[in-house]
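Work through the exercises below with the sequence and the model in view, and try each task before reading its solution.

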Amino acid sequence: MNARSAPAGEERGIPLPERQAEIRPGEVHVWHGTLEASPDAVTPTEESRARRMGSPRRRREFLVARGALRRVLAGTLGIDPLLVPIVQGAHGKPRLGSDRRPPIGFNFSHSGDRFVVAIALGMEPGVDIERIRARRDLAGLARWSFSPAEQEEVAAAPEPMDAFYRVWSRKEAVIKADGRGIAIGLDRFDVNAGEPSALLDARWEGAAPGEAAHWSLHSLEAPSGYAAALAVRRPAVEVIVRVPPPPSG
Ligand SMILES: CC(C)(COP(=O)(O)OP(=O)(O)OC[C@H]1O[C@@H](n2cnc3c(N)ncnc32)[C@H](O)[C@@H]1OP(=O)(O)O)[C@@H](O)C(=O)NCCC(=O)NCCS
């Protein structure tokens, strides 16, 4: 995988142009796409991170995914993909190393050959896409990763597999919006499996009284065979899908 020549100081904050004014406060822009291997748009720092990854498959996935993320952010910001100042934040959550106010929050997810990017002003979105695969031990997986209320709802659902992936993608979106990842405690909050999607209760460390009411959770339209969700700690947001997923089927 060949990286194009990289800018100096990707870890430094750089001033960004005004182009992101296209995203208005209260909006979350969601970009869907298919992972494509070229052209590459990763920096030497990202290449050396990839080299430290165990398997060639994981390495290739990371580079292709990071290139996709850079291209979407670059299109929104109106700058070269290699100049997008992506830095690693707390708990590994990537953020823009820019001192622009309001700050631009973004999040990224990929699964199978699909990716989703969410971008917002002054908010931290969390996004997740999951390729739906038949799982033999659904109950066991749910026991490991879902709260008791979520396990019950999935077990009682008419289509437990679909319900399982709806819950999974919603929980991932929430833990990624928060930024702590699984350290937040997967059993310390409840999402629903039905529609409309909602964070029902949050008992994690640092939760405010009535924490769940501060959040919005959205199912995202996804291609057939995928489930996707978006979460943000703001009671109401407008979700704007910038590139619609291809027709299902
Ligand atoms: C990041 C994490 C929360 C999700 O990873 P994932 O579902 O395997 O993969 P996704 O593609 O959806 O997300 C990975 C991307 O999220 C972003 N990310 C990394 N750490 C993050 C964090 N703490 N918060 C938000 N986003 C993060 C990065 O862009 C990362 O992509 P990269 O590795 O190319 O840099 C991972 O740390 C994790 O804990 N995964 C397991 C979660 C789990 O067991 N869930 C059970 C059901 S809820």
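This is a predicted model: local features need pLDDT of at least 70, side-chain atom pairs count only at pLDDT 80 or more; totals for chains, interfaces and linings use all residues.

Residues are numbered from 1 along each chain as its sequence is written.

**Exercise 1. Describe the protein chain as a whole.**

Begin with the secondary structure: the protein chain has five helices and 11 strands, where helices (H or I, at least four residues) and strands (E, at least two) are DSSP runs numbered from the N terminus. Next consider burial, for which a residue is buried if 20 or more other C-beta atoms, placed from the backbone, lie within 10 Å of its own, exposed if 12 or fewer do, and partly exposed in between. On that basis, 39% of the 249 residues count as buried.

**Exercise 2. Which residues are closest to the ligand, and which helix gives the most to its shell?**

First, 22 residues surround the ligand, and the closest are Gly-92, Lys-93, Ser-109, Lys-171 and Lys-176; a residue is near a molecule if its C-beta atom, placed from the backbone, lies within 6 Å of it. Second, helix 2 (56-77), strand 4 (104-111) and helix 5 (160-178) each supply at least two residues of this shell, and helix 5 gives the most, with five residues. Third, the shell has eight nonpolar, eight polar and six charged residues, where Ala, Val, Leu, Ile, Met, Phe, Trp, Tyr, Cys and Pro count as nonpolar, Asp, Glu, Lys and Arg as charged, and the others, Gly among them, as polar.

**Exercise 3. Find the residues that touch the most other members of the largest nonpolar core.**

A nonpolar core is a set of buried Ala, Val, Leu, Ile, Met, Phe, Trp, Tyr and Cys residues joined through C-beta atoms within 7 Å. The largest one holds 54 residues, of which Val-116, Val-117, Ala-118, Val-174, Leu-230 and Ala-231 touch the most other members. Helix 5 gives the most to this core, with nine residues.

**Exercise 4. How are helix 4 and helix 5 oriented to each other?**

Start from the axes, which are lines fitted to C-alpha atoms over the stretch in contact, with angles running from 0 to 180 degrees between N-to-C directions. The axes of helix 4 (residues 148-156) and helix 5 come within 7 Å and cross at roughly 150°. The two helices are therefore roughly antiparallel to each other, since angles under 35 degrees count as roughly parallel, over 145 as roughly antiparallel, 65 to 115 as roughly perpendicular and the rest as oblique. By class, their contact has six nonpolar, no polar and two charged residues.

**Exercise 5. Is Ile-119 buried or exposed, and which residues does Ile-119 touch?**

Ile-119 is found in strand 5 (residues 114-121), and Ile-119 counts as buried because there are 27 C-beta neighbours inside 10 Å. Leaving aside residues up to four places away in sequence, Ile-119 touches Ile-23, His-29, Thr-76, Ile-104 and Phe-106, where contact requires C-beta atoms, placed from the backbone, within 7 Å.

Notes. Two residues are in contact if their C-beta atoms, placed from the backbone, lie within 7 Å.
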